[in-house]
Protein chains: 2
Amino acid sequence: MPKHDKISMSVIRRLPRYYRFISELADSGEKRISSSRLAELMNVTASQIRQDFNCFGGFGQQGYGYSISFLKGEMEKILGLNKVNNAIILGAGNLGKAIALHINFVEKGFCVKGIFETNPLLVGQEIKGIRIYPENDMEKFIADNNISIAVLCVPKNSVAGIIDKLYSNGIKAFWNFSHFDIARKYSDTVVENVHMTDSLMTLSYRMNEKLKSEEKTEE
Amino acid sequence: MPKHDKISMSVIRRLPRYYRFISELADSGEKRISSSRLAELMNVTASQIRQDFNCFGGFGQQGYGYSISFLKGEMEKILGLNKVNNAIILGAGNLGKAIALHINFVEKGFCVKGIFETNPLLVGQEIKGIRIYPENDMEKFIADNNISIAVLCVPKNSVAGIIDKLYSNGIKAFWNFSHFDIARKYSDTVVENVHMTDSLMTLSYRMNEKLKSEEKTEE
């Protein structure tokens, strides 16, 4: 049994990356891998890998390397990818569409059952076989389709009302592309925020700093 | 002068969030704000705000609150948003399109000059007034348009070759939506990775853990 009662978020955030590398190794037909070889592939230290894996129960015997298929299966269990959670996407604008088209939800343990949108011109259309419904149908749809997660791709000014509706209909998990602070309002929710523009601003900062340090060197 | 020689990445990653809140305050016409009021709005401690702001030189006098317009201007300078960097987007698929349509690059200090794509059916089209060019024109375009950043929205298997071409043409900054580890290959680059599916897997993990702890409570 994995002994993961109090695993730090920093270890948890490294787990998807481990899973990506292990999946690729599995796809390429490899059977076993040592922590030092995996460390080299992933550009981390072997000791970090062993420490991280120990948080989840170890996954293998020292000296023999890890069985890739066993590792993959265990990681899927830990990440909850061996079950399927039903999801809806809120907002069929550019971002909502791209998320629906680009992300392979099924591989990540989610099934998108519907997309909800206020723009009547979009209602009735389909994206990758997923139908766009009017927002008024949302509450009944959530109950009928056992929805447990909402993907928020709506503009910031319309988020607050939608969250209240989702929460009062039992949605407690959010993949949040808006800047609304859901976890603050409803503390018993699970929220993953994706703040793309924050990442772009961080890039701008780091480019600026790099330029300044290069100018200094030239002086 | 801001005294930001050795600022930790965790402080830097909080800066875009500060900037978002300060910009909203400025838009709503507010003039001054105390660290305690800002702390309440942002759901952090006033002491963290003062500490973080001190890393960048302080921004104000204790007891008087911060001038919002001054704060906004200083943050723009630190983030490099007061200059414009020319960018290209690689890949006009769903993700590339959504990024082009959804992100207001100009507000973030970037100007997207062109989109590059191998699919001949897409070449010649425009997204938000930005033209899609064939990938073969990329090298000349970079030189002619003083491009300094590349936004990578291409599938993983075609990234490696593109990076080599971009790097050899002087591109050292990447907003990277692919899973290719650019900084490892070219250590003198500035790279911001956006790993959306890692975030989705983390959400799955946390939902799974929440469910388990709820089941335990019910036992």
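A polar contact is a pair of N or O atoms within 3.5 Å, where within protein one must be able to donate a hydrogen and the other to accept it, and where residues adjacent in sequence count only if both atoms are side-chain atoms. In this predicted model, such a pair is formed in chain A, where the backbone oxygen of A:Tyr186 lies 2.6 Å from a polar atom of the side chain of A:Thr189. The area buried between chain B and chain A is about 6,100 Å², buried area being the accessible area (1.4 Å probe) that two parts lose on being put together, summed over both.

This is a predicted model in which local features need pLDDT of at least 70 and side-chain atom pairs count only at pLDDT 80 or more, while totals for chains, interfaces and linings use all residues. Residues are numbered from 1 along each chain as its sequence is written, chains are lettered from A and ligands numbered from 1 in the order in which they are written, and side-chain values use heavy atoms, with hydrogens and water left out.

**Chain A overall**

- The secondary structure of chain A comes to nine helices and nine strands, with helices (H or I, at least four residues) and strands (E, at least two) taken as DSSP runs numbered from the N terminus.
- The C-alpha trace of chain A spans about 60 × 60 × 35 Å along its principal axes, and 48% of the 219 residues of this chain count as buried, where buried means under 20% relative accessible area, exposed over 50%, and partly exposed in between (1.4 Å probe, protein chains only).
- Among contacts (heavy atoms within 4.5 Å) in chain A between residues at least 6 apart in sequence, 56% join residues at least 24 apart.

**The loop between helix 8 and strand 9 of chain A**

- A:Thr189 has its place in the loop between helix 8 and strand 9 (190-193) of chain A, and it counts as buried because its relative accessibility is 9%.
- Leaving aside neighbours within four places in sequence, A:Thr189 is in contact with A:Tyr167, A:Lys172, A:Phe174, A:Ile182 and A:Ala183.
- The side chains of A:Asp188 and A:Lys172 meet in a salt bridge (3.2 Å, N to O), a term that here requires a side-chain nitrogen of Lys or Arg within 4 Å of a carboxyl oxygen of Asp or Glu.
- That pair links distant parts of the chain, since A:Asp188 lies in the loop between helix 8 and strand 9 of chain A and A:Lys172 in the loop between helix 7 (159-168) and strand 8 (173-176) of chain A, 16 residues apart.
- Both partners count as partly exposed, A:Asp188 at 30% relative accessibility and A:Lys172 at 28%.

**Salt bridges within helices of chain A**

- The side chains of A:Glu40 and A:Arg37 meet in a salt bridge (4.0 Å, N to O), and these residues are separated by about one helical turn because they are three residues apart in helix 2 (residues 35-42) of chain A.
- A:Glu209 and A:Lys212 form a salt bridge through their side chains (3.1 Å, N to O), and both lie in helix 9 (residues 196-218) of chain A, three residues apart, about one turn of the helix.
- A:Arg37 is partly exposed, with a relative accessible area of 38%, and A:Lys212 is likewise partly exposed, with 34%.

**Helix 2 of chain B**

- In helix 2 (residues 35-42) of chain B, B:Ser35, B:Leu38, B:Ala39 and B:Met42 are buried.
- These residues lie on the same side of helix 2 of chain B because they cover an arc of only 105 degrees around the axis, the arc being that of the directions from the helix axis to the C-beta atoms.
- What covers them includes helix 8 (182-185) of chain A together with helix 1 (9-27), strand 1 (32-33), helix 3 (46-55) and strand 2 (66-67) of chain B.
- Just after helix 2 of chain B, B:Asn43 takes a positive phi of about 60 degrees.

**The interface of chain B and chain A**

- The contact takes 69 residues from chain B and 69 residues from chain A, and carbon and sulfur atoms give 62% of the buried area.
- In chain B, B:Leu200, B:Met201 and B:Tyr205 lose the most area to chain A, together 12% of what that side buries.
- Across the interface there are six salt bridges and 28 residue pairs in polar contact (both at pLDDT 80 or more).
- The largest share of the side of chain B that touches chain A, 18 residues, comes from helix 9 of chain B.
- A:Asp181 and B:Arg17 meet through their side chains in a salt bridge (3.9 Å, N to O), and A:Arg13, A:Glu192 and B:Arg206 are linked in a network of salt bridges.
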